Amino acid sequence: MLTAVLAALLHALTPLPAAADTDAGATPGGAPADWTARPGGGADDRDARPYVYLEGTPGTALHDRLTVTNSGRAPLTVRLRGDGRAGAWARFAEDTVTVPPRTRAEVPLALTVPPAATPGDASGELVAAGRGAEIRVPVRVRIGGPTLAALTVEDVEIAGGAIRYALVNRGNAVLRPRLAVRVEGVFGTLLDRPERPLSLELAPGRRVERTEPWPDAPALDAVTVRLRVTASGGARDEAEASATYVPVAPAVGGGLLLLGGLAALVSRAYRKRRTGRGAPPRPEPPEPPGTGAPPGAGASGPDHGHRPLAQAGARP
């Protein structure tokens, strides 16, 4: 079937009604001034689809068309390619197409869903580039099978006046997250932002790092930041981080005072220990010879302080 499509008419050229001539080139905003690219099927821009939407199961080939309109006075050559997850699955009948002046070309495309694709939503873009300008056409693919909405908030940290975090889509459905922020300090709540939608569309498997501004962060406090994220389909997750805010100058001064006090206490204790310890006793000089007790005297020598006892029966 795919071979038949590619072998079919590659350039369905349809003359356009006469229109005012426009200069070739691009507008100051970057959009081309004289050509457009959009999903095929509409008779004019009012009937054009906002994006290419396809549905299928893993392993199937889905078909659509891209319409390139040249309203200028010169032939237009555009290069076609796919971008993003679903865009990378697309293949055009021709990667380069030349469209005559005031003519519209319908370019067939085939989008093959990988056999191992996870059920859910996949997104991407079809890109047309020519005459120094580029047009991106969104493409959405709904892959058959059970869907799972899973969202996590990770790597929360506090850096100055901002809260940094990462959101990761761990399911197989496209998510549009909502975020709530709460910060608690020692003396109460410092920040309480209710849940609000983020300007973000998170494709399956995609990780996005974001920053939440917090200009009123305290100068001295210990805080805990809690982030809560939700999305449709029951996706929900919470994460937190803690930080301590201490002024630099007072912290340095306090540290020096503490070190000085400890040094004074240690020095005082050392001096007290040295003064409380007595001098060692001096040794007694040796007794000179000849001063010993006479024979028969007691070990302690004669008692000069007392008279000897009278002999028994002797008169005084």
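This is a predicted model: local features need pLDDT of at least 70, side-chain atom pairs count only at pLDDT 80 or more; totals for chains, interfaces and linings use all residues.
**Confidence**

The protein chain has an average pLDDT of 78, and 66% of the residues reach at least 70. Among its elements, the highest mean pLDDT, 97, belongs to strand 6 (residues 90-92), and the lowest, 42, to helix 1 (residues 2-7). In residues 17-29 the pLDDT is below 50, and this stretch makes 21 contacts in the model beyond near neighbours in sequence. Residues 291-316 likewise stay under 50 in pLDDT, with four contacts beyond four places in sequence.

**The loop between strand 12 and strand 13**

N172 is located in the loop between strand 12 (162-169) and strand 13 (178-185). L175 is also placed in the loop between strand 12 and strand 13. The relative accessibility of each residue is tabulated below.

| Residue | Relative accessibility | Class |
|---|---|---|
| N172 | 6% | buried |
| L175 | 1% | buried |

A polar atom of the N172 side chain lies 2.6 Å from the backbone oxygen of P119. Apart from neighbours within four places in sequence, N172 is in contact with T118, P119, G120 and D121, with P146, T147 and L148, and with P204.

For L175, the contacts outside four places in sequence comprise A149, A150, L151, N169, L200, E201, L202, A231, S232 and A235. L175 is classed as buried because its relative accessible area of 1% falls under the 20% cut-off.

Technical notes. Residues are numbered from 1 along each chain as its sequence is written. Side-chain values use heavy atoms; hydrogens and water are left out. Helices (H or I, at least four residues) and strands (E, at least two) are DSSP runs, numbered from the N terminus. Buried means under 20% relative accessible area, exposed over 50%, partly exposed in between (1.4 Å probe, protein chains only). A polar contact is a pair of N or O atoms within 3.5 Å; within protein, one must be able to donate a hydrogen and the other to accept it, and residues adjacent in sequence count only if both atoms are side-chain atoms. Contact means heavy atoms within 4.5 Å. pLDDT is the predictor's confidence in each residue, from 0 to 100.
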